[in-house]
Amino acid sequence: MTGSRRHTEPLDVHLIAVRDGTAGTEVLLSRRAGDVYAAGCWHLPSGHLDGSWEHMVTALVRETREETGVVVDPADVRAAVTVHHRSPAGGARLGVFFEVRRWRGTPQVREPAVCDAMAWFALDELPEPMVAYCQAGLDAYRAGARMAVHFQEPGDPIAYDPAVDRLLLVPDLTDRSALPEDAVRTLAERAVGRITR
């Protein structure tokens with residue numbers, strides 16, 4: 001790798017603010033507006049790190065306050081899922097989705113130039129159109145995944161379309177179904193051998 005440049009990708013932070021509502025668990029979404037990517041689509045409050053001095057939890061707290069007006073204590077931020085995403089145009093990024101269940105204040109549109117609506121929706125009845133990247137993060141979160149890949153192809157829509165769902169859940173260490181059968185058998189035989197000795 002001498003002389004070559006390392007590959008780098010932007011890091012996004014996404015707020016999964018959840019509450020118990022009349023229809024079950026609800027999530028806060030905002031509708032993108034104006035001259036922005038995915039205008040007219042629903043998305044989680046989100047943003048980017050401001051620089052190398054800002055870590056992802058600080059960025060989430062800042063973006064949440066800027067976009068929704070609510071104040072989140074960093075101690076109430078929980079890691080939910082990480083999604084490696086590529087847009088239909090080919091740009092890749094890493095999205096870190098955080099769950100928050102406590103905050104101060106009432107969410108409201110604070111950046112009307114880029115967001116024209118904000119509302120709570122049942123987690124299992126999301127509005128349309130949803131940004132496909134955001135839908136992938138929420139689907140991975142609902143599935144209990146820790147990591148996922150969402151690599152869209154050229155020509156895929158920006159808005160979620162179940163016909164071109166590109167979500168791939170990455171099994172974690174607790175998912176024993178991801179282990180090859182031979183590996184499980186070998187491990188069991190070794191364990192039984194040690195026990196009988």
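Of the 197 residues of the chain, 39% count as buried, where buried means under 20% relative accessible area, exposed means over 50%, and partly exposed lies in between, using a 1.4 Å probe and protein chains only. The model is a predicted one, in which local features need pLDDT of at least 70 and side-chain atom pairs count only at pLDDT 80 or more, while totals for chains, interfaces and linings use all residues. Residues are numbered from 1 along each chain as its sequence is written, and side-chain values use heavy atoms, with hydrogens and water left out.

**Overall build**

- The chain has three helices and nine strands, these being DSSP runs numbered from the N terminus, with helices (H or I) of at least four residues and strands (E) of at least two.
- Read from the N terminus on, the order of these elements is β-β-β-β-α-β-β-β-α-β-β-α.
- Among the contacts in the chain with a separation of 6 or more, 65% come from residues 24 or more positions apart, a contact being heavy atoms within 4.5 Å.
- The chain exposes about 11,600 Å², of which carbon and sulfur atoms supply 53%; accessible areas come from the Shrake-Rupley method with a 1.4 Å probe, and for residues only the protein chains shown count as cover.

**Nonpolar cores**

- In the largest nonpolar core, which has 25 residues, Ile 16, Val 27, Leu 29, Leu 44, Phe 97 and Leu 138 touch the most other members; such a core is a set of buried Ala, Val, Leu, Ile, Met, Phe, Trp, Tyr and Cys residues joined through side-chain atoms within 4.5 Å.
- At least two residues of this core come from each of strand E1 (11-21), E2, E5, strand E7 (115-122) and H2, and H2 gives the most, with five residues.
- A second, separate core of 14 residues includes Val 13, Leu 15, Val 72 and Cys 115.
- Not counting residues up to four places away in sequence, Leu 29 touches a set of residues including Trp 42, Leu 44, Phe 121, Met 130 and Leu 138.

- Helix H2 (residues 132-142) is largely enclosed by the rest of the structure, because ten of its eleven residues are buried.
- Among the buried residues of H2 are Tyr 133, Cys 134, Leu 138 and Tyr 141, and just after H2, Gly 144 takes a positive phi of about 80 degrees.
- Leu 28, found in strand E2 (residues 24-32), is buried with a relative accessible area of 2%.
- The C-alpha atoms of Leu 28 and Phe 121 are separated by 6.5 Å, although these residues are 93 residues apart along the chain.
- Leaving aside neighbours within four places in sequence, Leu 28 is in contact with residues including Ala 17, Leu 44, Thr 68, Pro 107 and Trp 120.

**Aromatic pairs**

- The structure holds three aromatic pairs, meaning that rings of Phe, Tyr and Trp (its six-membered ring) have centres within 6.5 Å, with planes under 30 degrees apart counting as stacked, over 60 as edge-to-face and the rest as tilted.
- The rings of Trp 42 and Phe 121 have centres 5.0 Å apart and planes at 70 degrees, so this pair is edge-to-face.
- Since Trp 42 lies in strand E3 (residues 42-43) and Phe 121 in strand E7, the pair ties together parts that are 79 residues apart in sequence, and both Trp 42 and Phe 121 are buried.
- Phe 97 and Tyr 133 also form an edge-to-face pair, at 6.1 Å centre to centre and with 90 degrees between the planes.
- That pair links distant parts of the chain, with Phe 97 in strand E6 and Tyr 133 in helix H2, 36 residues apart.
- Phe 97 is buried at 0% relative accessibility, and Tyr 133 is buried at 7%.

**Salt bridges**

- The count comes to twelve salt bridges, each being a side-chain nitrogen of Lys or Arg within 4 Å of a carboxyl oxygen of Asp or Glu.
- Arg 93 and Asp 12 meet through their side chains in a salt bridge of 2.6 Å, N to O, and as Arg 93 lies in strand E6 and Asp 12 in strand E1, the pair ties together parts that are 81 residues apart in sequence.
- Arg 93 is partly exposed at 21% relative accessibility, whereas Asp 12 is buried at 4%.
- Another salt bridge, with its N and O atoms 3.4 Å apart, joins the side chains of Arg 86 and Glu 153.
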